[in-house]
Amino acid sequence: EARDRVGNDLDLPAEQLRLIEDVLAVATDVAVVLFAGSAIAMDPWIDRVPAVLHAWYPGELGGVAVAEALLGAVNPSGKLPLTFPRTALQLPAFATFPERVTSYHEGVFIGYRHFDAAAIEPLFPFGHGLSYTEFEYSGLRVRARGRGETTRVDVHFTVRNAGRRAGAEVAQLYVRDLEASVPRPPSELKGFAKVRLEPGESRAVELRLGWRDLAFFDEDAAAWMVEPGAFQVLVGGSSRDIRLRRRFRYRP
């Protein structure tokens, strides 16, 4: 955690960086497998390797799982639950890390919300994940019903496996408040669905938003609230891989 960091960096230990360099000196078809519980900086070598697999802490059968993914026995379908920065300098909290007291001034702009609001290009965005197949999105329909706290927004779209391998896609639903009177993130994750598809197969996906999904916390009123106006639904494979967009209006 805090005490095993040296300086303001997310780099691998020096001996592991040397290992990557030594392997790349004699081989080009290299897959780097990372076992770590957090984001890792990869800029010194990421552009010279064709594949990276972040295994997190996979447990007793982690070696088997990694081998099956690398050899194609299974099609990986994981998505990142956080943003991987290029360097720690992209993270606002690191400005005071590792001081005795670390200051947090991000407010609501944490994680991918910070990267989007500041127009920073991360190493890998929130929700990112590759596969041995490709997925296509189409047919987004958004229908808002009700008023005030009874508001319900039904979101429908289709995901198609456009490749030659069976696989699973985690389709993600983000929401943007287009007329907010207070600072709000450019988009926020409000729903997702994991869809398993055979090659060429398509499947309809339905997700639902409620009043709480549109709300923000009003500090003056000490309560959650939703302002009337236009919202945008964004659907895609990650926070930076948005395939479909459509607007609707909220009425109090």
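**Reading the features in turn**

Guide: Let us begin with burial: with a relative accessibility of 14%, R184 counts as buried, because the limit for that class is under 20%. Please keep in mind throughout that this is a predicted model.

Visitor: With which residue does the side chain of R184 meet in a salt bridge?

Guide: The partner is D177, and the N to O distance is 3.0 Å. D177 is buried too, its relative accessible area being 14%.

Visitor: How many salt bridges does a search of the whole structure find?

Guide: The search finds 15. One of them brings together the side chains of E169 and K79, at 3.3 Å from N to O. This pair links distant parts of the chain, 90 residues apart: E169 belongs to strand β5 (residues 167–177), while K79 is in the loop between α2 (62–71) and α3 (112–117). E169 has a relative accessibility of 5% and therefore counts as buried.

Visitor: Which parts does the salt bridge between E121 and R240 tie together?

Guide: The side chains of E121 and R240 meet at 3.3 Å, N to O. As for accessibility, E121 is exposed at 52%, whereas R240, at 32%, counts as partly exposed.

Visitor: In what order do the strands of the open sheet stand?

Guide: The sheet has four strands, in the order β6-β5-β10-β11, with antiparallel pairing. Its edge strands are β6 and β11, each of which pairs on one side only. On average, neighbouring strands of this sheet are turned by 20 degrees against each other, direction ignored.

Visitor: How many bridges join β5 to β6?

Guide: Nine bridges join these antiparallel strands. Within this part of the sheet, E169 stands opposite V195 in β6. E169 is the residue whose side chain also meets that of K79 in a salt bridge.

Visitor: Where is V182 found, and is V182 buried or partly exposed?

Guide: V182 is in the loop between β5 and β6 (188–197). Its relative accessibility of 30% makes V182 partly exposed. Between V182 and L70 there are 112 residues of separation in sequence and 46 Å in space, C-alpha to C-alpha.

Visitor: How should I read a pair of aromatic rings?

Guide: Such a pair is described by the distance of the ring centres and the angle of the planes. The count here comes to seven aromatic pairs. Among them, Y112 and Y174 are edge-to-face, with 6.0 Å from centre to centre and 80 degrees between the planes. Y112 in helix α3 and Y174 in strand β5 are 62 residues apart, and their pair links distant parts of the chain. Y112 and Y174 are both buried.

Visitor: Which residues form one aromatic cluster, and which residue lies over the face of W224?

Guide: The cluster consists of W56, F84 and F124. R212 lies over the face of W224, at 3.4 Å from the ring centre.

Conventions:
Residues are numbered from 1 along each chain as its sequence is written. This is a predicted model: local features need pLDDT of at least 70, side-chain atom pairs count only at pLDDT 80 or more; totals for chains, interfaces and linings use all residues. Side-chain values use heavy atoms; hydrogens and water are left out. A salt bridge is a side-chain nitrogen of Lys or Arg within 4 Å of a carboxyl oxygen of Asp or Glu. Helices (H or I, at least four residues) and strands (E, at least two) are DSSP runs, numbered from the N terminus. Buried means under 20% relative accessible area, exposed over 50%, partly exposed in between (1.4 Å probe, protein chains only). Rings of Phe, Tyr and Trp (its six-membered ring) pair if their centres lie within 6.5 Å; planes under 30 degrees apart count as stacked, over 60 as edge-to-face and the rest as tilted. A charge sits over a ring if NZ of Lys or CZ of Arg is within 6 Å of the ring centre and within 35 degrees of the ring normal. Two strands pair if DSSP finds at least two bridges between them. Axes are lines fitted to C-alpha atoms, for helices over the stretch in contact, and angles run from 0 to 180 degrees between N-to-C directions.
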